[in-house]
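Let's take a walk through this structure together, one piece at a time. Have the picture open as you read.

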Amino acid sequence: MSSVTSGNGRVIDIAIRIGIVVLTLTTAAIHLSLGGLLFTMNAVGYAALAVAMVAPLALAERVRWLTRFALLGFTLATIIGWVLIGPRFPLAYTTKFIEVGLVALLIVEILRAHGGPVGVLRQLATLIPARFRWFAPSA
Amino acid sequence: MPRLFGAAALLVALVISGCSAGNPPASTAALTAPPGGVLVRISADRLEFDTSQLTVPAGKPILIAFENKESAPHNVAVYTDSTLAQPISIGEVFSGPDTKAQQLGPLAAGSYFFRCDLHPNMKGTLVAQ
């Protein structure tokens, strides 16, 4: 959240982060209530990522951008997994609705934090070893 | 941030309590076999069915009385075999304690596969003979 740090932008950033954490913990709680190893592991994953999103630790803050992408990937994987093999019942649809909202909020936060799609690509390019970075946007 | 944690924890507690607040158990005694058919009872508790084998008469209508004894949602889904390629009867997913009836059309003699669609480890064989 480095690009917008004052005034209304700061308030919006906080609101988005709260939304992300609330939706993440909600879907974690729902998965936990379903029982079984797979759902429990999914719930633990969501809960851990929710904590990593707000943990006031230097290390957590340094890799927050990576946490956002991890949570986005985790949520998309959960949605796709359900589409492919998940059972269809009302609570499942509710959960997917929540997760789609979570994906939307994460995309908004990622774009705001990196100043747009090019900034996102530049940040992601840092994950690529330097010798393979000739094709990526320069940071 | 502490406020954020507090609000999130409250919401999670509300969701968990909402998910685990089950309906009162329905009376399984009220369920009766369909005309000329049979009533089969099965229950789920602690992420297990009470039986891994159901036996029904072939060629007769069947009513499955499924009692879910726990808050975790379950269903009874019957397929031709464990590949799940051909579903025969997919029961409603519901949280317990509650009981739901599920119709199963007359089956040809043979062996079928049933499971809980949410918890694939809960499974068994349905034999029509």
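## First look

Keep in mind that this is a predicted model. Let's begin with chain B, which has 1 helix and 9 strands. If you follow chain B from the N terminus, the elements come in the order α-β-β-β-β-β-β-β-β-β.

What share of chain B is buried? Of its 129 residues, 27% are buried. Now look at contacts in chain B between residues at least 6 apart in sequence: 66% of them join residues at least 24 apart.

Strands of a sheet pair through backbone hydrogen bonds, and they can do so in a parallel or an antiparallel way. In chain B, one open sheet has 4 strands in the order S2-S1-S4-S7, and its pairing is mixed. Its edge strands are S2 (48-49) and S7 (98-104) of chain B, each pairing on one side only.

Let's zoom in on one pair here. Strand S1 of chain B covers residues 38-45, and it pairs with S2(B) in the antiparallel sense over 2 bridges.

Which residue is the bridge partner of Ser111(B) in S9(B)? That would be Val127(B).

## Two helices in chain A

Over to chain A. Two packed helices are described by the angle between their axes and the distance between the axes. Helix H1 (residues 7-34) of chain A and helix H2 (residues 37-54) of chain A pack at an angle of about 160°, and their axes are 8 Å apart. An angle over 145 degrees counts as roughly antiparallel, so that is how H1(A) and H2(A) are arranged relative to each other. The crossing of H1(A) past H2(A) is left-handed.

Who makes the contact? On the H1(A) side, the residues include Ile20(A), Val21(A), Leu25(A) and His31(A). On the H2(A) side, Phe39(A), Tyr46(A), Leu49(A) and Met53(A) are among them. Sorted by class, the contact of H1(A) with H2(A) has 14 nonpolar, 5 polar and 1 charged residues.

Definitions and conventions: Residues numbered from 1 in each chain as written. Chains lettered and ligands numbered in written order. Predicted model: local features only at pLDDT ≥ 70, side-chain atom pairs only at ≥ 80, totals over all residues. Pairing = 2+ DSSP bridges. Axes fitted to C-alpha atoms, helices over the stretch in contact; angles between N-to-C directions. Parallel < 35°, antiparallel > 145°, perpendicular 65-115°, else oblique. Left-handed = near helix turned anticlockwise from the far one by under 90°. Contact = placed C-beta atoms within 7 Å. Nonpolar A, V, L, I, M, F, W, Y, C, P; charged D, E, K, R; others polar. Buried ≥ 20, exposed ≤ 12 C-beta atoms within 10 Å, placed from the backbone.
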